[in-house]
Amino acid sequence: MGKTTGFLEFDRKIESYAPVEERIKHYREFTLPMEEKDVKDQGARCMDCGIPFCHSGCPLGNLIPDFNDAVYRGKWEKASEILHATNNFPEFTGRLCPAPCEEACVLGINEDPVTIENLEKNIAETAFEKGWITARPPEKRTGKKVAVIGSGPAGLATAQQLNRAGHEVTVFERDEKPGGLLRYGIPDFKMEKRIIDRRLEILKEEGITFKCSVHVGKDIKADSLKGDFDAIVLTGGATVRRKLPIEGADLKGVVQAMDFLGQNNRRVDGIKDLGEEIMATDKDVVVIGGGDTGSDCIGTSFRHGAKSVSNFEIMPMATTDRPKDQPWPFWPMRLRTSSSHKEGAERFFSISTKKFIGDDQGNLKGLITSEVEWIKVPGERPQLKEVEGTEKEWKCELALLALGFTGSENTVAEQLGLEMDTRTNIKASEVDYKTNVPGVFVAGDQRRGQSLIVWAISEGRQAAYHVDKYLMGESSLPLKGDGDLPRA
């Protein structure tokens, strides 16, 4: 795989960024493409490691050494075929995935791992540029109809796989356009929406029907679909936001992160009727939550022209090195610094927000925090303890709550009579993705809870296989790890 001595000859290299002062003036992607030779050199770094742990690190089971080798040898079309064999949307994952495959890279044990995510992006973009990614409708139809509820990455992957099997697939989406959080959540500077639209055109040409602005559960009853479709697949997100139940949480200026981000996506898309605008312009902004959503809020706030942006995280500051209790090849909880963090945010760790402060008109003007520490007792969960004498008041006119999600909305589940688990996810078999109601399947965040884009695509592909088998008695669709290489 790759060049035998490539990992000794070439250092890890990824795309660089446009300067901060330039990129915060717009919402376009700001990575600077690498020269083709540099990309090939990165493919050359892939070792002949014997057992490619990157396969197990990737939820999709991508054949990583194979496409790395193809890139190194300049066989870009072959690389695209290999990549698309296991990943329906590498142009999405190549931009948005946190790359658990890289943490499992054998080279990463004592050197910098192979730049797998960036190679994915370059393969996908080369394939689109060369015209290799085209609509390929199925040769024949089965006469079976499938409803997919939700058009995020899990729904899109489910739909494309089932359409390839010859079924007539209709995707229902409550928002104005398909994409789920890819469209109304991920900032345009991380992925421009033309990237989604480009892929959607292919899906439509392949025969998939999209019905947008149709909220299943409200506009139409979920159980009414059972008479029109032979199978239903629920692929909605884990959209119930975690709240911060403290004094002042109802003040104007305390905003859920996804409301802030989704509105800005629509603003960039040219939509005028946005309701009450949520803007960070000339404000002291505090983003509460240290994950990817918090990072997205930071970058968006700077593009609004925020006066200052502070980021609070209740957990201690992690190390940049792999923690000793999280050995290779497992995913390590290490400190990750995003491009948005580097745009000027000040980060604070082990800090808890105790109270929001408002003015006479009910507007947020500040908040109070205290430092915290985590007390570890063997055999028990760590306990959070406030550090006495550390209360501090902060000026803040916009507080963005990026605290994650507690589960999926259950209206559709109730209408279909589905069982839920203790985490408010829809209960379904991990083996075949079936719910307790015959003909109803679930995949993605609604089954496993809030997770990564790469897991969503994997879930959609796996669920599609089992839906196809349910409808036809058998399936030729690929399952993860079975070694099958379907057409791109």
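Arg12 is partly exposed because its relative accessibility is 30%; here buried means under 20% relative accessible area, exposed over 50%, and partly exposed in between (1.4 Å probe, protein chains only). This is a predicted model, in which local features need pLDDT of at least 70 and side-chain atom pairs count only at pLDDT 80 or more, while totals for chains, interfaces and linings use all residues. Residues are numbered from 1 along each chain as its sequence is written, and side-chain values use heavy atoms, with hydrogens and water left out.

Back to Arg12: this side chain makes a salt bridge with Glu102, with the closest N and O atoms 3.1 Å apart. A salt bridge here is a side-chain nitrogen of Lys or Arg within 4 Å of a carboxyl oxygen of Asp or Glu. The pair links distant parts of the chain, as Arg12 is in the loop between helix 1 (6-9) and strand 1 (16-17) and Glu102 is in helix 8, 90 residues apart. Helices (H or I, at least four residues) and strands (E, at least two) are DSSP runs, numbered from the N terminus. Glu102 counts as buried, with 10% relative accessibility.

Side chains of opposite charge can pair when their charged atoms come close. The structure holds 33 salt bridges, and here are some of them.

| Salt bridge | N to O distance |
|---|---|
| Arg12 and Glu102 | 3.1 Å |
| Glu386 and Lys354 | 3.0 Å |
| Glu391 and Lys354 | 2.5 Å |

Lys354 turns up with two partners, Glu386 and Glu391. Glu391 sits in the loop between strand 14 and strand 15 (392-395) and Lys354 in strand 12, so this pair ties together parts 37 residues apart in sequence. As for accessibility, Glu391 is exposed at 52%, Glu386 is partly exposed at 37%, and Lys354 is partly exposed at 30%. There's also a salt-bridge network linking Glu29, Arg95, Glu125 and Arg198.

Now for helix 5 (residues 64-72). Seven of its nine residues are buried, so this helix is largely enclosed by the rest of the structure. The buried ones are Ile64, Pro65, Phe67, Asn68, Asp69, Ala70 and Val71. Their cover includes helix 3 (36-44), helix 4 (53-57), helix 6 (76-84), helix 8 (100-103) and helix 9, where contact means heavy atoms within 4.5 Å. Just past helix 5, Gly74 takes a positive phi of about 75 degrees.

Thr126 is buried, at 16% relative accessibility. Setting aside neighbours within four places in sequence, Thr126 touches Trp76 and Trp132.

Five strands form an open sheet in the order 8-16-9-10-11, paired in parallel; two strands pair if DSSP finds at least two bridges between them. Strand 8 (254-256) and strand 11 (346-349) are the edges, each pairing on one side only. From one strand to the next, the twist averages 20 degrees. Inside the sheet, strand 9 (residues 284-288) and strand 10 (residues 308-313) are joined over five bridges, and Val287 has Asn311 in strand 10 as its bridge partner. Helix 12 (residues 257-268) packs on the sheet, touching strand 8 and strand 16 (398-401), and its direction makes about 70 degrees with that of strand 8. Axes are lines fitted to C-alpha atoms, for helices over the stretch in contact, and angles run from 0 to 180 degrees between N-to-C directions.
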